[in-house]
Amino acid sequence: MAVSSSPPPPPPPPPSFRRLQRDSLQVLFFLLITSSVFFFLYSFSSIKLDIHHPEGPIHPPKPILPLQQPQQAVHNHPFISQESLNLQVAVVLPEKEVIATGNGDSQTPLPTEKRNHDSVGSRNDDAFHDRTLFTEEYTRMKKSMKIYAYPHGKNETFANVLLPVDSEPGGNYASESYFKKALFKSHFLTNDPSEADLFYLPFSIASLRHDKRVGVGGIQTYVKNYVRGISQSYPFWNRTGGADHFYVACHSVGRTAMDKAVQVKLNAIQVVCSSSYFLPGYVSHKDASIPQIWPRKGPRPTRPPSHRQNLAFYAGAMNSRVRESLVKTWRNDSEISVHRARLKTPYSESLLRSKFCIHAKGFEVNTARIGDALYYGCVPVVLADHYDLPYADILNWESFSVVLSASDIPIMKRVLLEMVRSGEYLRLQENVVRVQKHFQWHSVPVNYDAFYMVMYELWLRRSHVKISI
């Protein structure tokens, strides 16, 4: 009888195999732990970034779309009516407000503005980007701002270029002279350079242009030599390369006046009327745009919107393609009055009887037409591409003007008529009255006038690093 028996047990693995098996398990466990820790840290860091990143949540970059072609601009304009282009436009009429009509002296505070809300979100009807911030910083500026002007005597060779004029400034480029006269009589000027926030280069581009010893062709050399002189005689320029220095120029030749003084163009603050950020020489946010204002005396004329029968007005020389296109397109229109030259009739009457007054680019992006329009209570229509508008850091231009591209000239009438129909024009005109004080010079500066607004622009650009002398 056969006896069944189980097979003998397999021999135990050799010691070397057991060690290999144990090491493999340890490696596998280590990899598992490491992967878990890595995954946890990645998830935690992503959550932290999404919540606490100073720029907001981090998202994948959006695809870059091609630039819109000019012929497509008509379809996206916010004031083309549905009847004109079968587009739906949501219009919210502003509440009625009391209009501040005073000139605003040192005792007159800025009026309180209202903010309206539409179905999409908040629309700021204020003439300022941030009125509260402006008024707080404006008060600080008036108390503490200090400017050191390089000293020059009346007996110097170019005293007429470096010192304020004795007469009342006038003409198309008066802003430059008004600023210098006001600064030299103000409390902002200091004789102690150690307390200065900024240093003023007092040469006048307009005076240099008319000085027979210099002329247009010699301005660049004069500026180069002037900067070399102060850098050799004073230590202030060399400390910063001119970054805490500024000059003021309203004449159009000022745009090329710094071509031989590269440090001025690249480092110093250029406070100019010719403020085109498309052309070399002007750096937006470093430099500042100031309004070109034709001085006017006496009480400001007024005319209510209901008495302004003409839709839009323009008159001027044909020295740019923008102006040629404007006049060619609308010369036969009964509601838009455009002229190829200056009028023989009073210019002021055309401004007073028009709802909108057109500023069209000429040789430069700037002219006195915006200042003219605001003075006469007419809503400016800006046809000047690449124009860094005056006080753009401070004022909300969309609240008191219409800014169009030159490619919008064919649809300009539709845009303006829709603004009148919807009530948007009345809102703009009310804000025109509110900002008038900021676009006017005075023999003795008045609170919130053009001088103080330019000083505030400089305050915004002053150096944040105080250099000990």
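At what angle do helix 3 (residues 131-144) and helix 15 (residues 450-461) pack, and how far apart are their axes? The views below belong to a predicted model, in which local features need pLDDT of at least 70 and side-chain atom pairs count only at pLDDT 80 or more, while totals for chains, interfaces and linings use all residues. Residues are numbered from 1 along each chain as its sequence is written, and side-chain values use heavy atoms, with hydrogens and water left out.

**View A. Helix 3 and helix 15 in contact.** The two helices pack at an angle of about 90°, with their axes 10 Å apart; axes are lines fitted to C-alpha atoms, for helices over the stretch in contact, and angles run from 0 to 180 degrees between N-to-C directions. Helices (H or I, at least four residues) and strands (E, at least two) are DSSP runs, numbered from the N terminus. Helix 3 and helix 15 are therefore roughly perpendicular to each other, a label that covers angles of 65 to 115 degrees. On the helix 3 side, Leu133, Phe134, Glu137, Tyr138, Arg140, Met141, Lys142 and Ser144 meet Tyr452, Met453, Met455, Tyr456 and Trp459 of helix 15, where contact means heavy atoms within 4.5 Å. These residues divide into nine nonpolar, one polar and three charged, with Ala, Val, Leu, Ile, Met, Phe, Trp, Tyr, Cys and Pro counted as nonpolar, Asp, Glu, Lys and Arg as charged, and the others, Gly among them, as polar.

**View B. Asn447 in the loop between helix 14 (424-435) and helix 15.** Asn447 counts as buried because its relative accessibility is 7%; buried means under 20% relative accessible area, exposed over 50%, and partly exposed in between (1.4 Å probe, protein chains only). Its side chain makes a polar contact with the side chain of Lys142 (3.1 Å), a polar contact being a pair of N or O atoms within 3.5 Å, of which, within protein, one must be able to donate a hydrogen and the other to accept it, and residues adjacent in sequence count only if both atoms are side-chain atoms.

**View C. The largest nonpolar core.** Among the 77 residues of this core, Phe179, Phe246, Leu326, Phe356, Met412 and Met455 touch the most other members; such a core is a set of buried Ala, Val, Leu, Ile, Met, Phe, Trp, Tyr and Cys residues joined through side-chain atoms within 4.5 Å. Helix 15 gives the most to this core, with nine residues. Leaving aside neighbours within four places in sequence, Met412 is in contact with Leu326, Trp330, Ile336, Ile358, Val381, Leu383 and Leu404. Another core, of 30 residues, lies apart from the largest one, and Phe158, Val214, Ala261 and Tyr282 are among its members.

**View D. Lys260 in the loop between strand 5 (245-249) and helix 9 (262-266).** At 43% relative accessibility, Lys260 counts as partly exposed. Not counting residues up to four places away in sequence, Lys260 touches Gln220, Thr221 and Lys224, and its side chain makes a polar contact with the side chain of Thr221 (3.2 Å).

**View E. His285 in the loop between strand 6 (269-272) and strand 7 (288-289).** Although His285 is not a glycine, it has a positive phi of about 80°. At 59% relative accessibility, His285 counts as exposed.

Methods: Parallel < 35°, antiparallel > 145°, perpendicular 65-115°, else oblique.
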